Amino acid sequence: MNTFEDEHSDNEFPEETTSLDETVDQQTGFPESTDDSMPVEGPVSKTFPCPRCGADIIFDISSQKLKCPYCEYEQDLSASDKTIEERDYHAMLTQLEERKTKNTLVGELHEFTCSSCGGTVVFQGAMTSTRCPYCDTPTQRNDIHDAIERIIADGVIAFQVDRENVKKRLEAWVRSLWFAPNNFKKRGINGQFDGIYLPFWTFDSMTANAYWGKRGDNYTVTVGSGKNRRTETRTRWSSRSGEFQRFFDDVLVLAADGFPVDLINQLRPWPLIKTIPFNDEVLAGFLASTYTLKLDHGFELARLEIDEALRADVRGRIGGDKQVIDRLNTTHHAITFKYVLLPVWSMTYKYQNKVYTLVVNGVTGKVAGNRPWSTWKIAFTVLFVAAIVGTFIYFMNNQ
């Protein structure tokens, strides 16, 4: 993430305040982020008929144009005079509450919630399908309702890496795996990649921080005498405190359930400079998932990431060989957000009756995934290292 530091604070903005102690460092996961009242949404697709032959045209990654796979018709993406702007976080929370209270519609957005599987599709205008895209259950008119609380996407990054490129990167990834079974590396992975646009919140925040802690400086002393004479390392502690500001830009939070968060996070960094104003034409031929993580829950997750970065910053400011943070008070000013869709290639594959997941950054081609391990390779390596250590100790003891 990009950061900007300033030694002066400005308290005229709305504030979000948090106070942390050292136990925060022990957190290993995120809190529950999905509200029970939020509909469970899945991937939806966008189709565009070819004006020449009537088939569905798709977004062609190589040309970055709309293209018909049958008659080769091509057309440029529609031009847009829109710009991507940061939106005020607190103002949007207020607006969402007003929409809920006054039953205000968001443009022409509607939601269809399947009475059989509970899946939800967000669509604009008339719904073209008469069946649920997840379980194939026939739709009922009374299952369709207006999307009152829905936030419209601000931007999207189109796919830059096509299927052939993904295949090459996958082969290189498999070859790079240490301790993978030999037959797995030889056979490779066979499966179908699906292109999907995943929803993300991005948050900006100016933080004002005050901290109190201790700095530990190591020094050595010689103790004992004769054969018991030895050098010991001790630590001299002194109190430290201070204040600073730090700006966080585009803290990214995955805004959909049902996806492997740990793997998706490994696809960072995202070149958000490539984000364009939202254009549903780039979704043609791909799936797109709408958000299920509400805006305020998204900021709570972003705050955890910000807190972790601030604690690392405080340790650097305290300095010394060791640091203890007794207290860190953080106030968030001028919080803004964007809602963007980012491209991901995903695949699930089986190896020896176990299911594994792979994801690829659709812009940079970075690969992240689960993989099988060779137990005998690991055991051999452990024994080999143990033998080397044992040999070293033997020679040291017999010098």
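**View 1. Contacts across the whole chain.** Take the contacts (heavy atoms within 4.5 Å) in the protein chain between residues at least 6 apart in sequence: 76% of them join residues at least 24 apart. This is a predicted model, where local features need pLDDT of at least 70 and side-chain atom pairs count only at pLDDT 80 or more, while totals for chains, interfaces and linings use all residues. Residues are numbered from 1 along each chain as its sequence is written, and side-chain values use heavy atoms, with hydrogens and water left out. The chain has 6 helices and 19 strands; these are DSSP runs numbered from the N terminus, with at least four residues (H or I) for a helix and at least two (E) for a strand. Of its 399 residues, 40% are buried (under 20% relative accessible area; exposed is over 50%, partly exposed in between, with a 1.4 Å probe and protein chains only).

**View 2. Strand 17 and its partners.** Strands count as paired if DSSP finds at least two bridges between them. Strand 13 pairs with strand 17 in the antiparallel sense over 22 bridges, and here tryptophan 201 has tyrosine 339 as its bridge partner. Strand 12 (residues 155–156) runs parallel to strand 17, joined by 2 bridges; look for valine 156 with its partner leucine 341.

**View 3. A hairpin turn.** Strand 18 (residues 354–361) pairs with strand 17 over 8 bridges, antiparallel. The two form a hairpin with 2 residues between them, and glutamine 352 in the turn has a positive phi of about 50°. Tyrosine 351 sits opposite lysine 354.

**View 4. Asparagine 209 in strand 13.** You'll find asparagine 209 in strand 13 (residues 194–223). It counts as buried, at 4% relative accessibility. Its side chain makes a polar contact with the side chain of threonine 330, at 2.9 Å (a pair of N or O atoms within 3.5 Å; within protein, one must be able to donate a hydrogen and the other to accept it, and residues adjacent in sequence count only if both atoms are side-chain atoms).

View 5. Proline 49 stands opposite aspartate 56 in strand 5.
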